[in-house]
Amino acid sequence: MKKSFFTILLAAVAMMLASCNGTNANNGKDSNENNFKIQRGTNISHWLSQSEERGEARKQHIQEDDFARLDSLGFDFVRLPIDEVQMWDEQGNKIPEAWGLMRNAIDWSIKHHLRVIVDLHIIRSHNFNAVNEGEDTNTLFTDDKAQQQLIGMWKQLSDSLKGYSADSVAYEFMNEPVAKEHEQWNQLIAKVHTALRELEPQRTLVVGSNLWQGTDTFKFLEIPEGDKNIILSFHFYEPMVLTHNGAPWTPTGKYTGKVNYPGVIISKEDFNNSPDEIKEHIQKYTKEWNRDSLRALMDDAINVAKKYDLQLFCGEWGVYEPVDRDLAYTWTRDMISVFNENHVAWCTWCYDADFGFWDQNRHDFKDAKLVDILLGKE
């Protein structure tokens, strides 16, 4: 009996010590740290976000077989963009059909071994494209009411999704912020973080940098200290004149000359022959670009992730479908190489839209070779 008593006593003391140290004796992690770990993903874009589809067309667009396919190919997570206009009406009421589709997507993902990042992509008070469209109508960073509405949306999302394991579902509370001052974004991060942590202390929150989640603004990013359930996110499409070649919504897309990669992307002759109004946008592509150039542009993001000891992932990257495929494949191989070297998780833009690899209409791959390159099969 004495031996059993002392064995129990020693076990109890060990548990108390582990608790005081804030660690899990089995894995050495902070006791509040979850297991939301990601590596290879894709965006389920233009479905519950940036789409006019509604009703049966929207319902049929993404089905369970899409998630089964991604699992079988070797992806381990998806990013699920959602827009306020799809999820809430103008009076702020939830739209049940869209919420059902969101939950279907999460359920199917989990069933097929995929983790999910729920990404609030566009809201009525903030659209990352507003600046590019010539009229900045964003009010989020100057209007406290708009900020409280954002927090209110996340409280409703949390209420609906809190039953999912923190190991399976994460929240990205805003996509590509475009605050005029970096501190405006940092202050909003702190507000939303505080609100969500009161509801869900262990949920992984995904936080990106100001100005379209670019790597060059990471050095201005302020992250709540001591929270290990945060993933840092950047988006990467450089060199834009390559990845968005011919894309009509970008200034670089208006360039019609030849593009090279690696090497000097735009020759001096082609630059001189280009319209004056786009020269300022393509000037930087008249120099040498290669794998080292890509790695150098990611340095700030990599260094900040190391500073905070947090997981880093590239939440969007890809090549516009009409771009020369050989150039696209070379750039993709270089990107994967840099990601692997620096332990950066990644999520392609996107699954089945104009940067994607799957054709929903033909129910077949539109670029199977791209998938093989992404997943190391080629």
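This is a predicted model: local features need pLDDT of at least 70, side-chain atom pairs count only at pLDDT 80 or more; totals for chains, interfaces and linings use all residues.

User: How is a pair of packed helices described?

Analyst: Two packed helices are described by the angle between their axes and the distance between the axes. Here, α6 (residues 144–161) packs with α7 (residues 182–199) at an angle of about 30°, and their axes are 10 Å apart. Angles under 35 degrees count as roughly parallel, so α6 is roughly parallel to α7. The crossing of α6 and α7 is right-handed.

User: Which residues make the contact?

Analyst: From α6 come D144, Q147, L150, I151, W154, K155 and S158. From α7 come L188, K191, V192, A195, L196 and L199. By class, this contact of α6 with α7 has 8 nonpolar, 2 polar and 3 charged residues.

User: Next, the largest pocket. What lines it?

Analyst: Start with volume: the largest pocket holds about 1,200 Å³ of space. Its lining has 36 residues, with W212, Y237, M240, H244 and T250 nearest the centre. Elements that each supply at least two lining residues include α8 (210–213) and α12 (291–308). The lining of the largest pocket splits into 13 nonpolar, 14 polar and 9 charged residues.

User: How many cavities of 30 Å³ or more are there?

Analyst: The count is 1. The largest cavity has a volume of about 100 Å³. It is lined by 14 residues, and G318, V319, T332, L370 and L374 lie nearest its centre. Helix α13 gives the largest share of this lining, 4 residues. By class, the lining of the largest cavity has 10 nonpolar, 3 polar and 1 charged.

How values were computed:
Residues are numbered from 1 along each chain as its sequence is written. Side-chain values use heavy atoms; hydrogens and water are left out. Axes are lines fitted to C-alpha atoms, for helices over the stretch in contact, and angles run from 0 to 180 degrees between N-to-C directions. Angles under 35 degrees count as roughly parallel, over 145 as roughly antiparallel, 65 to 115 as roughly perpendicular and the rest as oblique. A crossing is left-handed if the near helix is turned anticlockwise from the far one by less than a right angle, and right-handed if clockwise. Contact means heavy atoms within 4.5 Å. Ala, Val, Leu, Ile, Met, Phe, Trp, Tyr, Cys and Pro count as nonpolar, Asp, Glu, Lys and Arg as charged, and the others, Gly among them, as polar. On a 1 Å grid over the protein atoms alone, a cavity is a set of points where a 1.4 Å probe fits but cannot get out, and a pocket is an open set with protein on both sides within 12 Å along at least five of seven lines; lining residues have an atom within 4 Å of a point. Grid points are joined across faces, edges and corners, and a volume is the space filled by probe spheres set on the points.
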